[in-house]
Amino acid sequence: MFRTARVAPLLLVVVSVALSAQQRAATPMARPQPPRAAGVSTERLARIDTVLQRYVDENRIPGAVGLVLRDGRPIYERAIGWSDKESSRRMTKDTVFRIASQSKALTSVAILQLVEEGAVSLGNPVGQFIPSFAKTTVAVKSDSGTSMVPATRAITVRDLLTHTAGISYGTDPTVASLYEAKGLGPAAGYGWYTADKDEPVCDTMERLGTLPFVAQPGEAWVYGYNTDILGCIVERASGMTLDKYIESRITAPLGLKDTRFFLPADQRDRLAAVYANRPDGTIVRAPDGARGQGHYVDGPRRSFSGGAGLLSTAHDYARFLEMIRLGGSLDGVRILSPRSVALMTTNQIGTRYTTPGLGFGLGFETTDRYGASGMNSVGGFGWGGAYGSVYRVDPEERLVIVFMIQLMPNTTDIRDKFPTLVYQALDAVKSAGSN
């Protein structure tokens with residue numbers, strides 16, 4: 001009886017802690033904040049609805065979900081239009097989207113977690129984890145044709161995070177036929193698609209290491225398979241498949257219940273259909289397969305693309321970004337240290353980035369000059385996905401902006417307009433220094 005009396009309070013404490021953690025993980029976000037109280041004009045914010053509805057009515061977009069947080073609270077959240085026009089399924093706030101390259105942010109966080117634990121170093125050669133990268137080659141064009149030369153140095157983890165490894169998506173004319181022969185480049189949708197591959201991602205990346213790249217390591221910013229390679233490194237360094245790692249170390253601790261690589265078959269109706277722009281700007285349903293609807297429900301479920309393979313909702317992704325905005329921690333759950341977040345969100349490559357005034361950190365595009373990325377403040381960061389989605393984080397304005405759509409190819413200007421429509425509704429513009 002004495003032992004029972006001592007153990008019972010302890011059990012109550014354990015159960016209380018467990019319930020608290022469960023409730024914290026299940027908490028979606030803080031209650032919506034009235035726009036005016038958040039320093040936002042209600043009348044100007046309504047312009048977003050008007051523009052989005054016009055694009056839907058003109059058949060220029062199928063539908064979209066927009067979510068804006070200020071100080072962690074939603075000040076704008078709308079689902080407009082159609083998730084699937086042919087099935088008369090309306091867009092909803094919990095619609096699931098293919099986020100393509102927005103996957104890169106989560107994989108970059110995973111790598112930096114392993115760096116913090118000492119399992120990986122930013123200076124590690126990639127060949128330490130993927131043997132075919134021990135000695136790589138570069139395709140060099142000359143008047144006499146294209147020749148393959150050895151890389152001047154080893155590619156490092158830092159090169160991959162900053163996209164300065166010289167690795168493209170293999171659709172460049174100089175290497176496209178070689179990549180296609182190995183099931184990459186033109187053979188992989190638009191170059192980045194692997195959801196239909198019936199092999200682990202590390203097998204694909206081992207094959208990639210035998211192909212020539214398009215620039216010497218460290219010399220230029222080249223967008224490509226870099227983060228897919230990082231996904232393989234996560235697997236090799238952690239001993240876990242990338243989907244299990246991201247779930248156990250990032251999405252589950254943050255309570256992100258709808259962020260995963262493949263959707264359960266019983267939830268297929270939650271996945272938005274993909275549409276494509278015609279030459280006249282109107283939309284048509286995209287075909288099945290890698291360049292359209294994809295294999296995110298009925299695929300082999302073996303290839304976990306760290307660069308372009310995740311699905312998510314506006315709510316989940318905004319919550320993930322809010323964790324980054326707050327320095328790596330949210331609701332008492334620390335995912336990364338503030339120092340690692342600073343590395344991710346600070347320009348690490350100087351002037352090698354392709355757009356003046358912008359830079360690239362360890363996973364995010366950074367805004368280094370006001371006006372270089374719309375109205376995003378200096379110190380802001382963001383990226384987007386091939387299906388037309390986009391996000392911006394503005395620490396100065398305490399904003400997280402998420403816009404989800406499924407349009408590929410996308411020739412509209414809507415994903416540029418959405419952040420602008422958010423900023424024009426702010427009552428005070430600190431970064432510009434005027435009203």
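**Entry 1: the β2–β3 hairpin.** I began at the hairpin of β2 and β3, where 4 residues lie between the strands and Ser88 has a positive phi near 55°. Helices (H or I, at least four residues) and strands (E, at least two) are DSSP runs, numbered from the N terminus. I found β2 and β3 paired in the antiparallel sense over 2 bridges; two strands pair if DSSP finds at least two bridges between them. Opposite Asp84 I noted Arg89 in β3.

**A note on the model.** I am reading a predicted model, where local features need pLDDT of at least 70, side-chain atom pairs count only at pLDDT 80 or more, and totals for chains, interfaces and linings use all residues. Residues are numbered from 1 along each chain as its sequence is written, and side-chain values use heavy atoms, with hydrogens and water left out.

**Entry 2: the β1–β2 hairpin.** Next I looked at β1 and β2, which pair in the antiparallel sense over 8 bridges. They form a hairpin with 2 residues between them, and Asp71 in the turn has a positive phi of about 55°. Leu67 has Glu77 in β2 as its bridge partner.

**Entry 3: the whole sheet.** In what order do the strands of the open sheet run? I read 8 strands in the order β3-β2-β1-β16-β15-β14-β13-β12, with antiparallel pairing. The edge strands are β3 (89–90) and β12 (358–360), each pairing on one side only. Further in, I followed β15 (residues 390–394) and β16 (residues 399–404), an antiparallel pair over 5 bridges. Here Val390 has Phe403 in β16 as its bridge partner.

**Entry 4: helices on the sheet.** Helix α2 (residues 42–57) packs on the sheet and touches β1 (63–70), β2 (73–84) and β16; its direction makes about 10° with that of β2. Helix α9 (residues 314–325) also packs on the sheet, touching β1, β14 (381–384), β15 and β16, and its direction makes about 150° with that of β16. For these angles, axes are lines fitted to C-alpha atoms, for helices over the stretch in contact, and angles run from 0 to 180 degrees between N-to-C directions. Contact means heavy atoms within 4.5 Å.

I then checked helix α11 (residues 414–423), whose buried residues are Ile414, Phe418, Pro419, Leu421, Val422 and Tyr423. Buried means under 20% relative accessible area (1.4 Å probe, protein chains only), exposed over 50%, and partly exposed in between. These buried residues of α11 pack against α2, β1, β2, β15 and β16.

**Entry 5: aromatic rings.** How many aromatic pairs does a search of the whole structure find? I noted 21. Rings of Phe, Tyr and Trp (its six-membered ring) pair if their centres lie within 6.5 Å; planes under 30 degrees apart count as stacked, over 60 as edge-to-face and the rest as tilted. Phe262 and Phe304 have ring centres 6.2 Å apart and planes at 70°, so this pair is edge-to-face. The two are 42 residues apart: Phe262 is in the loop between α8 (242–254) and β7 (275–277), and Phe304 is in the loop between β8 (283–285) and β9 (311–312). Both Phe262 and Phe304 are buried. I also found a cluster of Tyr169, Trp221, Tyr223, Tyr225, Tyr353, Phe360 and Trp383, linked by ring pairs.

**Entry 6: confidence.** The mean pLDDT (the predictor's confidence in each residue, from 0 to 100) is 92 for the protein, and 90% of its residues reach 70 or more. Over residues 1–27, pLDDT stays under 50. Where pLDDT is low, the predicted coordinates should not be read in detail.
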